Amino acid sequence: MRIDRLAARELGEFWSLREDVVVLFGRGTVLRTPWGESRLERPGPLLREALRRMQLGPVSLANVVPGFPGYDVPRDEWNEASAELLDALTPLQHVIVRHLAIGASPLLSVVPLSSRATFRPTPVGPSGGLRVPEEAVLHGSGGDPVLVHEGGDHRVELHGPDAPRLLRHLRAGTDEVPSAHEGSLPRSVVRAALAYVVAAGLFRAPERECPGRP
């Protein structure tokens, strides 16, 4: 299922490969990446199918594995096929882009920037003062916000008309609606976005909360 085929304004999680990654299928499978080639000697059918779909753009892996879990589902609730696929994808985190969408509208993408990048979003509670610092907010060529730290392992891109509202949530570090008259994003979407941005390493605690920090 592609992002543009969804209709309801509900949370969607999608996976793709970086645009500069090329997958060559054969007896083995080779991924040509910005950091060299990665060879998968005996990829299983689930991994091969996931890679085939992911190289075409953001896709739901629930179409590869029925019941594929969201970021907030603990491992002991994954089905066997989901665990197999997720374990197979783990070594490839540095070339996998993770996306959130609201219905048919792409909202957020987490792009790995280094060969050491890992990304494991988990549910987050109250932020305890965590914020996306102002200096981390840039703007892409189309004007959409881009969150990045110098030397960081990920870039977070916000997309579409909901991006300004989401950015206010991220700057506040909360899923509470910043202003009642501005309209609101679904709370499940904001919580997922907070989890993704935390996992991408873009949140920072105020200096006063880290007295022992050098």
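Author: The chain has 4 helices and 9 strands, and along the sequence they follow the pattern β-β-β-β-α-α-β-β-β-β-β-α-α. Please keep in mind that this is a predicted model.

Reader: What is the mean pLDDT of the chain, and how many of its residues reach 70 or more?

Author: The mean pLDDT of the chain is 85, and 83% of its residues reach 70 or more, where pLDDT is the predictor's confidence in each residue, on a scale from 0 to 100. Over residues 1–7, however, the pLDDT is below 50, although this stretch has 23 contacts in the model beyond near neighbours in sequence. Residues 207–214 also have a pLDDT below 50, and that stretch has 5 contacts beyond near neighbours in sequence.

Reader: Why is the pair of tyrosine 71 and tyrosine 196 called edge-to-face?

Author: Two values have to be set against the definition, which asks for ring centres within 6.5 Å and, for the name edge-to-face, planes over 60 degrees apart. The centres of these two rings, in tyrosine 71 and tyrosine 196, are 6.2 Å apart and their planes stand at 85°, so the pair is edge-to-face. Tyrosine 71 lies in the loop between helix H1 (45–54) and helix H2 (80–89), while tyrosine 196 belongs to helix H4 (residues 187–199), so the pair ties together parts that are 125 residues apart in sequence.

Reader: What makes tyrosine 71 count as buried?

Author: Buried means a relative accessible area under 20%, and tyrosine 71 has 12% relative accessibility, so the residue counts as buried. Tyrosine 196 has a relative accessible area of 0%, and therefore the residue is buried as well.

Reader: Which residues do ring pairs link into a cluster?

Author: The cluster consists of Tyr71, Phe119 and Tyr196, linked by ring pairs. The structure holds 3 aromatic pairs.

Reader: How do you know that the charged end of arginine 98 sits over the ring of tryptophan 15?

Author: One part of the definition is a distance, within 6 Å of the ring centre, and another is a direction, within 35 degrees of the ring normal. The charged end of arginine 98 is 3.8 Å from the centre of the ring of tryptophan 15, and it sits over that ring.

Reader: Why is glutamate 49 called partly exposed, whereas threonine 33 is called buried?

Author: Partly exposed is the range between the limit for buried, under 20%, and the limit for exposed, over 50%. Glutamate 49, in helix H1, has 23% relative accessibility and so counts as partly exposed. Threonine 33, in strand E3 (residues 29–33), has a relative accessible area of 12%, and so the residue is buried.

Reader: What does the side chain of threonine 33 reach at 2.7 Å?

Author: At that distance the side chain of threonine 33 reaches the backbone oxygen of glycine 36, and a polar atom of the side chain of threonine 33 also lies 3.0 Å from the backbone nitrogen of tryptophan 35. Leaving aside neighbours within four places in sequence, threonine 33 is in contact with Val21, Ser38 and Val95.

Reader: What makes histidine 149 count as buried, and where is its place?

Author: Histidine 149 is in the loop between strand E8 (145–148) and strand E9 (154–158), and its relative accessibility is 16%, so the residue counts as buried. A polar atom of the side chain of histidine 149 lies 3.5 Å from the backbone oxygen of leucine 202. For the chain as a whole, buried residues make up 43% of the 214 residues.

Definitions and conventions:
Residues are numbered from 1 along each chain as its sequence is written. This is a predicted model: local features need pLDDT of at least 70, side-chain atom pairs count only at pLDDT 80 or more; totals for chains, interfaces and linings use all residues. Side-chain values use heavy atoms; hydrogens and water are left out. Rings of Phe, Tyr and Trp (its six-membered ring) pair if their centres lie within 6.5 Å; planes under 30 degrees apart count as stacked, over 60 as edge-to-face and the rest as tilted. Helices (H or I, at least four residues) and strands (E, at least two) are DSSP runs, numbered from the N terminus. Buried means under 20% relative accessible area, exposed over 50%, partly exposed in between (1.4 Å probe, protein chains only). A polar contact is a pair of N or O atoms within 3.5 Å; within protein, one must be able to donate a hydrogen and the other to accept it, and residues adjacent in sequence count only if both atoms are side-chain atoms. Contact means heavy atoms within 4.5 Å.
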